[in-house]
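Let's take a walk through a protein model together.

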Amino acid sequence: MPPKKNVKEEKILLGRPGNNLKSGIVGLANVGKSTFFQAITKSTLGNPANFPYATIDPEEARVIVPDARYDWLCEHYKPASRVPANLTVYDIAGLTRGASTGAGLGNAFLSHIRAVDAIFQVVRCFDDAEIIHVEGDVDPVRDLMIIQGELRIKDAEFVEKQLEGLKRQTARGGQSLEMKKLKEEQAIVQAVYDCLTVENVDVRKKNWGNKEVEVINSLLLLTAKPVIYLINLSEKDFIRQKNKHLPKIKAWIDENAPGDVIIPFSVSFEDRLTRMSEEEAAEECKKLGVKSALPKIILTMRSAMNLGSFFTCGADEVRQWTIRKGTKAPQAAGVIHSDFEKTFIQAVIFKYNDLKELGDENAVKAGGKLQTKGKDYVMEDGDIVLFKAGAAKS
């Protein structure tokens, strides 16, 4: 008999497996969250105000994902309809010390974070006597410690309850398959609890196996979500790219959340740009020698959630679809319509770079760059695709 092929097990990612993932803007009160929300969404849904808990319910908006490929494809095809990719963003009420025990809007705040898939954590590094700080003074490292501590405490409380429930079930004993599964789950939940309380490590920072990730994903833990740290500077500090707190912040994150991304930006600068036309904003950035940080923030969050894109193109419509990286062709077809996944036949694919280099689809085909892929094809970011499917059963 021929030797068995080594089948590489696909790594399961932390987080929900869907394509319609959401990010939440998190931070202490009065750090610039709602003004940032208004700037990034170009909306007035937020409720910025100079007092804690100005935002009570999480506001929601969709942010267009900046992508030069999409812009070029629209220019190339000149379609009747244009649909860019978007990212759903929530502005969540400000946290305060003691939120895990219900202080301030604590329980509501933490439940809103549980509902999102990734976190924009806004950290205040600007001094302004007119904008009160809920802790009395500006100390970003202290603020980082407060938020990390509150999220870990809440996760530990939640995991402890799950653990107690599992222990009651496994105490009955027995050798059934169901009991074996419960004991395995209990061991994993115990490991998660120890991670939070003994090792004092956020869940996302530990290397978990696939079985462990499956259990963790069912818990929707706060510390399992990817975090992008947005360091809110004054406009002056952002322009000169200097701030006395930045080295301390980097040192803290390197020690306590290694690998997490730090993006310095200025809410006041971004807010000012939104009040200008595109031409005026571009001229202002050129004059000051800086760029808006918003495109980088959006793309970094998308990457942190392991999201990518494919395109469908033609004279009728150019559309950018969002999928989780690692998605296979039938599941990508299902994003367009669920019937397409069930009746998938094949995907006809070519690459954006080939189209741009060769000029049109006929040249792509003549150059042998058109590919026909089956059910096992893993979609690549930037694929241009035509899905072929059979008739759906009624």
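Before we start on the packing, here is how axes work: they are lines fitted to C-alpha atoms, for helices over the stretch in contact, and angles run from 0 to 180 degrees between N-to-C directions. Helices (H or I, at least four residues) and strands (E, at least two) are DSSP runs, numbered from the N terminus. This is a predicted model, where local features need pLDDT of at least 70, side-chain atom pairs count only at pLDDT 80 or more, and totals for chains, interfaces and linings use all residues. Residues are numbered from 1 along each chain as its sequence is written, and side-chain values use heavy atoms, with hydrogens and water left out.

Now find helix H4 (residues 140-170) and helix H5 (residues 177-197): their axes come within 9 Å and cross at roughly 155 degrees. That makes H4 roughly antiparallel to H5 (angles under 35 degrees count as roughly parallel, over 145 as roughly antiparallel, 65 to 115 as roughly perpendicular and the rest as oblique). The crossing of H4 with H5 is left-handed, meaning the near helix is turned anticlockwise from the far one by less than a right angle; clockwise would be right-handed. Sorted by class, the contact of H4 with H5 has 10 nonpolar, six polar and six charged residues. Here Ala, Val, Leu, Ile, Met, Phe, Trp, Tyr, Cys and Pro count as nonpolar, Asp, Glu, Lys and Arg as charged, and the others, Gly among them, as polar.

H4 also packs with helix H8 (residues 246-256), their axes coming within 9 Å and crossing at roughly 25 degrees. H4 and H8 are therefore roughly parallel, and their crossing is right-handed. On the H4 side you'll find Pro-140, Val-141, Leu-144, Met-145, Gln-148 and Arg-152, which meet Lys-248, Ile-249, Trp-252 and Asn-256 in H8.

## H1 meets H9

Next up are helix H1 (residues 33-41) and helix H9 (residues 267-274), which pack at about 40 degrees with axes 9 Å apart. That makes H1 oblique to H9. Their crossing is left-handed. Thr-35, Phe-36 and Ala-39 in H1 touch Val-267, Glu-270, Asp-271 and Thr-274 in H9.

What about holes inside? A cavity is a set of points on a 1 Å grid over the protein atoms alone where a 1.4 Å probe fits but cannot get out, while a pocket is an open set with protein on both sides within 12 Å along at least five of seven lines; lining residues have an atom within 4 Å of a point. Grid points are joined across faces, edges and corners, and a volume is the space filled by probe spheres set on the points.

Searching the whole structure turns up one cavity of 30 Å³ or more. The largest cavity holds about 90 Å³ of space. H4 gives the largest share of its lining, four residues.

The largest pocket has a volume of about 790 Å³. It is lined by 26 residues, and the closest to its centre are Lys-42, Ile-64, Pro-66, Glu-278 and Pro-295. Helix H10 (278-288) is one of the elements that give two or more residues to this lining, and H10 supplies the largest share, four residues. By class, the pocket lining has 16 nonpolar, four polar and six charged residues.

How values were computed:
Contact = heavy atoms within 4.5 Å.
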